[in-house]
Amino acid sequence: MSLEHHLIQSSFDKAAKKYEQHAVLQRESLNRLLERISDDFGDDTKTHPKQILDLGCGTGWAVPELLARYPEAKIIAADFAQSMIDLVPKHPQVSSRVSDAHAIDVHAQSIDLVFSNLMIQWCDESTVLQEIKRALKPAGHLHLTTMGEHTLHELKLAWQDIDDQPHVNEFVPAAKIADLTMNLGFEDVIADSEFITMTYANVIDMMRDLKNIGAHNVDNNRPKGLTSPHVIKQLTKNFEEFRTEEGLYPATYELVYLRARKPGDDKGLPLKIK
Ligand SMILES: C[S@@+](CC[C@H](N)C(=O)[O-])C[C@H]1O[C@@H](n2cnc3c(N)ncnc32)[C@H](O)[C@@H]1O
């Protein structure tokens with residue numbers, strides 16, 4: 001595991017207890033993703049997923065919603081942060097486990113739906129998508145959200161004339177993640193995105209929230225240490241052009257939705273390669 005991987009893991013481990021309190025954006029994204037999966041499975045219980053994997057499940061926020069939609073499903077809630085897993089709701093149909101998405105602790109071809117809200121942007125996307133493909137049954141579904149390249153564009157621009165350091169994570173463009181998914185042999189791949197803007201009374205509140213959300217930079221080349229009052233003043237000045245009519249400071253996220261299907265027929269048999 002790289003240093004960054006350990007840093008991400010320990011930062012989520014520490015964040016677990018207060019996660020739901022701060023995760024306004026993640027909750028919004030989760031609700032929107034849940035709406036989208038309903039489109040795929042319809043009302044007929046026969047077509048509902050029987051085995052669901054919530055990958056990077058955090059505190060298991062999605063678990064009650066998934067059970068309400070699919071009351072007969074078994075759910076595996078997996079996350080690499082033990083403190084997150086400790087908070088997953090206990091239920092006879094839910095099995096939770098500490099597991100890294102780069103080597104998921106589930107049997108091959110055992111899952112009907114992989115559901116993942118705002119996890120893959122912390123990972124090596126290609127490795128995780130290959131693991132998801134291994135875990136899915138033939139014709140199994142993948143639904144995930146991630147952050148797109150335009151995320152926090154205001155903040156990136158505001159930093160631009162202050163220094164050349166990376167202050168905002170670089171996120172993969174939606175088209176690139178769709179290409180990657182197709183190249184790995186998934187079918188019916190659709191990626192689209194929408195913007196969600198959060199607003200703050202000042203730049204300090206914004207920076208604090210980004211840290212809580214985990215959107216702050218974890219790049220190895222990131223500047224270490226506190227941001228000085230002088231830099232905060234300059235950042236605030238650079239943000240002037242973006243301020244809303246109410247005088248608030250915006251942080252815009254590009255939320256990318258990716259859906260795909262593993263090849264195979266609807267009886268769960270892999271397609272024969274001619
Ligand atoms: C932004 S939180 C989202 C949590 C949850 N999906 C939700 O909607 O509330 C991202 C989660 O991904 C987990 N995560 C990040 N990288 C991971 C990895 N490589 N393997 C497993 N979990 C990971 C973190 O521990 C964290 O709980």
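Predicted model: local features only at pLDDT ≥ 70, side-chain atom pairs only at ≥ 80, totals over all residues.
Now for some individual contacts. Gly56 has a backbone N or O atom 2.7 Å from a nitrogen atom of the ligand. At Ala101, a polar backbone atom lies 2.9 Å from a nitrogen atom of the ligand. Asn117 uses its side chain: an N or O atom there is 2.7 Å from an oxygen atom of the ligand.

How much of the ligand does the protein bury? Taken alone, the ligand exposes 600 Å², and the protein buries 99% of that. The space that the ligand takes is also the largest cavity.

Let's move on to the aromatic rings. The structure holds 5 aromatic pairs, and I'd like to show you one of them, Phe12 with Trp122. Their ring centres are 5.5 Å apart and their planes stand at 80 degrees, so this pair is edge-to-face; the cut-off for that label is over 60 degrees.

Where do these two residues sit in the chain? Phe12 is in helix α1, while Trp122 is in the loop between β4 (111-117) and α5 (125-135). They are 110 residues apart, and the pair links distant parts of the chain.

Conventions: Residues numbered from 1 in each chain as written. Heavy atoms only, no water. Polar contact = N/O pair within 3.5 Å; in protein donor to acceptor, adjacent residues only side chain to side chain. Areas by Shrake-Rupley, 256 points an atom, 1.4 Å probe, with all protein chains shown as cover. 1 Å grid on protein atoms, 1.4 Å probe; cavity = no way out; pocket = protein on both sides within 12 Å on 5 of 7 lines; lining within 4 Å. Sits in = over half its atoms within 2 Å of the grid points. Phe/Tyr/Trp six-rings, centres within 6.5 Å; stacked < 30°, edge-to-face > 60°. Helix = DSSP H or I, 4+ residues; strand = E, 2+ residues; numbered from the N terminus.
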